[in-house]
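Hi,

Here is the structure I promised to pass on. My notes follow below it.

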Amino acid sequence: MKIFPVKSIAEIDQYTIENEPILSINLMERASRRLFDVLDPIYRNRPFVVVAGAGNNGGDALALSRMLLLAGYDTTIVLLKSDCLSTDTALNLERLKHIRQSKVILYQSVEDLPSITSNHVIVDGLFGSGLNRPLEGKALELVQWMNELNVEIVSIDIPSGLMGEDNSGNNPEGIVKARRTFTFQFPKLSFLFPENHKYTGQWEIIDIGLHPEKISEITTSWYFIDRDICRNLLPQRSCFDHKGTMGHTLLIAGSYGKMGAAVLSARACLKSGTGLLTVQVPHDTCQIMHAAVPEAMVNIDRSDLMFTEFPNLSTFSAIGVGPGIGIRSNAVKALDALLDSIGDRPLILDADAINIIAQNPHMKEKLPPGAILTPHPGEFKRLVGEWDNDFERLEKAKEFAAQHKVILVLKGAYTTVVLPSGVCYFNSTGNPGMATAGSGDVLTGIILAMLGRKMDAWKAAVAGVYIHGLAGDIACETEGEEALIASDIISSLGKAFINTK
Ligand SMILES: NC(=O)C1=CN([C@@H]2O[C@H](COP(=O)(O)OP(=O)(O)OC[C@H]3O[C@@H](n4cnc5c(N)ncnc54)[C@H](O)[C@@H]3O)[C@@H](O)[C@H]2O)[C@H](O)CC1
Ligand SMILES: [K+]
């Protein structure tokens, strides 16, 4: 699914009005009706206070209020006083006046505000995607009033005060903290940044039937990785395929005391369809690998402790390095030598491989074009330094990816794949139960298998994060978030592939 900047959404909105065609007031009515249909079963019989602004977000709120009143809900409307209501908002205010029970408070000062019980639901329709500066004055007062009530707030389209994209210069006091946000047609970019979760709460998309032609025509740099995107990226097997055509991957992982990372990554790679897997492990640990992953071939390092050498790379269709290798000087030298010999072979670097590169900046210049790096936030910080907010983090990632022509996979909620072109893919699968040891090692194995099958690097990264998250979601259904461990993700890979194809 595409994610658009809010200015493109306004364009799609306008195109829909002109080409469906539909009157803008009727598009607003359709959006509000769909919103009502979602809210009605969730908040049956609860009293509502609907806070509306002068723009079209307020128009949605007034149309919703009418629907709530007609369905018998106790509904009080607080309208921010303004001299210039949008045309459709003014029309919805007019329609509301024809309903006998309607109570509209024109907000001028705090004395005007209704008293609220803990049972109340507040609907926030103050500002939507038209916001163009931080809130101040009466609007700010209303947001602070809502946030201090400590009752459930539901935001229409976007929490009022939150910008759709960059919130760097915003005032955190002037943003509604919603329990839920029902957003029209597309997620907004800012919803995908962890720091904005406290504003959006749990968010959900409401399809309001915007014009599919315009949606496919307008280009964007942002995508939400859903099943359709992943399915189109995954290669099919032909009946003539054999293990030699499914890729021979090399995984360099593990060190004395950290063999779990190597085992998890190796098992994930095999469960993700690699034809052959060779794992490079320290001398004294090879029995562990043979016993834990009998399907893997083992290349035994001369060192008892760590990665210090690697086999002839020309045998391998893709190479993965990092999980559990440590950052001691011999491993550093070996990674440096590996980067010197890698040529343009597909490569994924994770964990300690990233930490080594962060500590030895000259190695950044040796990264082959199209290499995939999968840092978690701590590793990414070591690589590029601090950031002030998540928007800036994304800017830094785009800069790094462009400069070094690599693909970054920023791990976390909505894991983000950043391409050298600046295009970003945000993952839709995964859950907090996956914040557990070894989860990242599993991802490395999955992407390595895909790279080994000659998938383009960006496709392997995008499909890999989706499948990894989906396997985590499937495992979570039986394990729950607390008990979920990395091995459960591996066990669910089969179902994740089946469900996606
Ligand atoms: N395609 C859709 O998704 C549809 C969206 N709908 C709803 O419309 C809003 C967007 O409406 P818009 O009128 O453009 O914006 P707002 O309601 O956010 O109002 C903006 C309004 O306020 C002024 N303004 C901007 N920033 C400030 C500020 N800090 N302080 C004061 N005033 C400000 C600005 O100049 C505008 O005049 C969208 O979110 C949906 O809820 C449609 O109803 C259906 C289709
Ligand atoms: K809103």
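Domain 1 and domain 2 bury about 930 Å² between them, and 66% of that is on carbon and sulfur atoms. Buried area here is the accessible area (1.4 Å probe) that two parts lose on being put together, summed over both. On the domain 1 side, Leu192, Phe193 and Glu195 lose the most area to domain 2, together 48% of what that side buries.

Before you go further: this is a predicted model, where local features need pLDDT of at least 70, side-chain atom pairs count only at pLDDT 80 or more, and totals for chains, interfaces and linings use all residues. Residues are numbered from 1 along each chain as its sequence is written, chains are lettered from A and ligands numbered from 1 in the order written, and side-chain values use heavy atoms, with hydrogens and water left out.

The chain splits into domain 1 (2–220) and domain 2 (228–234 + 243–500), with bounds from an automatic or database domain assignment. Eleven residues from domain 1 and seven residues from domain 2 make the contact (heavy atoms within 4.5 Å).

Now the potassium ion (ligand 2): its donors are Asn57 (OD1), Asp124 (O), Phe127 (O), Ile156 (O), Ile158 (O) and Ser160 (OG), at 2.6 to 3.1 Å. Donors are N, O and S atoms within 2.8 Å of the metal (3.2 Å for Na, K and Ca); water is not among the atoms, so sites may look incomplete. Along the sequence, the spacing of these donor residues is N-x66-D-x2-F-x28-I-x1-I-x1-S.

Cheers
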